[in-house]
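Please open the model in your viewer and keep the selection tool at hand. The stops below go from one group of side chains to the next.

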Amino acid sequence: MHKILFVCLGNICRSPAAEGVFRHLVEQEGVADQFEIDSCGITGFHAGEKADLRMRDHASRRGIDLTSISRKFRQQDFEDFDLIIAMDGRNFKDLRELDEVGQYTDKIKMFCEYCTNRTESEVPDPYYGGAEGFETVLDIVEDASEGLLKSLLK
Ligand code: 4NP
């Protein structure tokens, strides 16, 4: 079983998209039973909320349902998941700092490490921008998800 946690700042845009896209992919590939997939935010500002309506709309146009309810990262997540995947450099740095003695360093990754086509080093925050930003998030997240799945199944 692979236990994967996607992390962004608010858990209403990028990490819900990552969770939904990656879940869709493992279902499509018939390997969903090998995965536990979740997402959360560094902050709890939006805890209890569904993903941002704009993010859900853009994802649904690609046939992907975003069902997550926002929650804040908790220390226990370091134990419960095998991979803790940050959307941007700030999320990555925050996670490394939350891992006070550095015992989970190997679990903490940048999502864009798994990209094979896109050249971005992080998934940019779409919250304050327009429609294009949400499409870019999905483009990057789809590429990184394929790379992540390949890396885990080989
Ligand atoms: P996310 O986007 O980290 O991709 O969920 C954001 C959502 C909310 C805020 C910032 C980023 N906010 O400042 O409320």
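Which side chain meets that of Arg 14 in a salt bridge? Select Arg 14 together with Asp 88, bearing in mind that this is a predicted model: the two side chains meet in a salt bridge, with a distance of 2.8 Å from N to O. Arg 14 belongs to helix α1 (residues 14–28), while Asp 88 sits in the loop between β3 (83–86) and α4 (89–98), so this pair ties together parts that are 74 residues apart in sequence. Both Arg 14 and Asp 88 are buried.

Next, select Arg 71 and Asp 38, which form a salt bridge whose closest N and O atoms are 3.1 Å apart. Arg 71 lies in the loop between α2 (53–60) and α3 (76–80) and Asp 38 in strand β2, so here the parts tied together are 33 residues apart in sequence. At 12% relative accessibility Arg 71 counts as buried, whereas Asp 38, at 24%, counts as partly exposed.

Move on to helix α4 and select Lys 93 and Glu 97, which both lie in this helix, 4 residues apart, or about one turn of the helix. The two form a salt bridge, with their closest N and O atoms 3.2 Å apart, and Glu 97 counts as partly exposed, its relative accessibility being 49%.

To finish with the salt bridges, select Arg 62, Arg 118, Glu 120, Glu 135, Asp 139 and Glu 142 as one group, for these residues are linked in a network of salt bridges. The count for the structure comes to 12 salt bridges.

Now turn to the aromatic rings, of which the structure holds 6 pairs. Select Phe 73 and Phe 78: the ring centres are 4.9 Å apart and the planes stand at 70 degrees, so the pair is edge-to-face, an angle over 60 degrees being what that term requires. Phe 73 counts as buried at 8% relative accessibility, and Phe 78 is likewise buried, with a relative accessible area of 0%.

Then select Tyr 127 and Tyr 128, an aromatic pair that is also edge-to-face, with 4.8 Å from centre to centre and 85 degrees between the planes.

For a group of rings, select Phe 6, Phe 22, Phe 35 and Phe 111, which ring pairs link into a cluster.

The next stop is on the surface, where Glu 36, Glu 79, Asp 80 and Asp 82 gather in a patch of negative charge. Within this selection, pick out Glu 36, which is found in strand β2 (residues 35–41) and counts as partly exposed at 38% relative accessibility.

Note on methods. Residues are numbered from 1 along each chain as its sequence is written. This is a predicted model: local features need pLDDT of at least 70, side-chain atom pairs count only at pLDDT 80 or more; totals for chains, interfaces and linings use all residues. Side-chain values use heavy atoms; hydrogens and water are left out. Patches are made of residues with over 30% relative accessible area and no salt bridge: like charges are joined within 9 Å, nonpolar side chains (Val, Leu, Ile, Met, Phe, Trp, Tyr) within 5 Å. Accessible areas come from the Shrake-Rupley method with a 1.4 Å probe; for residues, only the protein chains shown count as cover. A salt bridge is a side-chain nitrogen of Lys or Arg within 4 Å of a carboxyl oxygen of Asp or Glu. Lys and Arg count as positive and Asp and Glu as negative; His and the chain ends are not counted. The place of a charge is taken as NZ of Lys, CZ of Arg, CG of Asp or CD of Glu. Helices (H or I, at least four residues) and strands (E, at least two) are DSSP runs, numbered from the N terminus. Buried means under 20% relative accessible area, exposed over 50%, partly exposed in between (1.4 Å probe, protein chains only). Rings of Phe, Tyr and Trp (its six-membered ring) pair if their centres lie within 6.5 Å; planes under 30 degrees apart count as stacked, over 60 as edge-to-face and the rest as tilted.
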